[in-house]
Amino acid sequence: MKSTLIKCGWLVTLDPSIGEMKGGELLVAGNTIKAVGRNLNASADETIDASEKIVMPGLVNAHMHTWETALRGIGAEWMSADYFKHVHSNLATRYKPEDNYIANYMGALAQIDAGVTTLVDWCHNITSIEHAERAVDGLIDSGIRAVFAHGTAKPIGLEKGTPFTHVPHPRERIEALRKGRLASDDARVTLAMAILGPDWGAWEVVEHDIKMAREFGLVSSSHTRRREDCVVPDGYKRMAKAGLLGPDHNLVHGTSYDTADLRTVVDNGATLTSTVLVELHHHIGDAMVAAYREQGGLPSLGIDVELYASGQMFREMQAGLLFARGKEVRNNALRGNSPLTKNPVRSREALEWATINGAKAFRLDSRIGTLTPGKKADIVMLNADDVNMVPVYDPIYSIVEIAGAGNVDTVIIDGEIRKRNGKLTVDAATLKRRTAELKESGLRIMQDGNYRVAGAPN
């Protein structure tokens, strides 16, 4: 078992019993953190000099449709209706299993490059077990830690026969994955269910899907939407009454929720993930990162889609923090030009949204999210002497308020170095070939769908 000693410039553990320290050390044995502290006096097979770096837990992207990687940027000026029209009713239907593979592989590599060590891949374009299998292959081959949230396609307006809103989650696919390659909850890639939920699915489907997720011991996650569009408008209250809403269910967005809705979520132990940049882009209501927090919830953060938002969790974390602080200002707007007498949301809390809270939402917090002895070695190192970072006075301020993906020097996932000296450890020939494959995939999908990006040549 190989051991590695990391000599840190600044060590941010997010473990309240250990805290943060300048000049700390981190000892890794195999894929596990063995010890954390000052002057460990430990011998190791390798020593990493991180004396000019901030060492921190890897970021957790708690919601991303990674299969859309080949469509980056095409929806920069879309509204919500455009997304459903162009993607679910057209481009998504053009995907082959190999398109899922290359999108997940390259999308996951991009996340690693930007400091993400755990990705919740909410894969909802799946029409066959082959699509699911190749999506999982992409995640595994990338080296990222991932939760593969198996979803089903939403061909809005294209259905023949039973509409997708009334189709239960396919048992045969979940059973094949859960009893096969994703049987273990201790593996680097694990399984969850991306279900319709009451906002998108009929009540009978909600009951079926939640009960099946629990039968297989899986977290379920569902999108929310505008109340006037919901299939079951009182769905989450109804779920709570029926005992179907609990810590094993994750909600995404919730932008139309009021205080009573959020209390239902919090009181039943369910979790909520905000994707702030996408939610603000779509103008679909307030991001719930602040309101959910005010009700006692522990928000997590995700990217959602890269069609019209950055894939960088640093930017998502910064946006979430500023939105939460701004909400307090808006709530106190009548008090004058300086309505606040103290900062309502601390920077450390935003970092927790992007790390340990995402881990908790998918029951991974005993394994990742903090740099704690006994947890997996999912570690990120930022260059503290980069021109946009130096000088560092408080490492948490620097991480949350200053840093970006370009400052990520080293990424370790499950004890394996996946990025070093600012470069992914994928060999150049493979990366060049996979990049070409991603471009070809996106071009073919858009050509098949007769979709042309504004300003692009015919």
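Q: How many aromatic pairs does a search of the whole structure find?
A: The search finds 8 aromatic pairs, where rings of Phe, Tyr and Trp (its six-membered ring) pair if their centres lie within 6.5 Å; planes under 30 degrees apart count as stacked, over 60 as edge-to-face and the rest as tilted. The model is predicted: local features need pLDDT of at least 70, side-chain atom pairs count only at pLDDT 80 or more, and totals for chains, interfaces and linings use all residues. Residues are numbered from 1 along each chain as its sequence is written, and side-chain values use heavy atoms, with hydrogens and water left out.

Q: Why is the pair of Tyr83 and Phe84 called edge-to-face?
A: The ring centres of Tyr83 and Phe84 are 5.5 Å apart and the planes stand at 65°, so the pair is edge-to-face.

Q: What makes Tyr83 count as buried?
A: Buried means under 20% relative accessible area, exposed over 50%, and partly exposed in between (1.4 Å probe, protein chains only). Tyr83 has 7% relative accessibility and therefore counts as buried. Phe84, with a relative accessible area of 27%, is partly exposed.

Q: Why is the pair of Tyr83 and Tyr308 called edge-to-face?
A: The centres of the Tyr83 and Tyr308 rings lie 6.2 Å apart with planes at 75°, so this pair is edge-to-face.

Q: Which residues do ring pairs link into a cluster?
A: The cluster consists of Trp78, Tyr83, Phe84, Trp200, Tyr308 and Tyr451.
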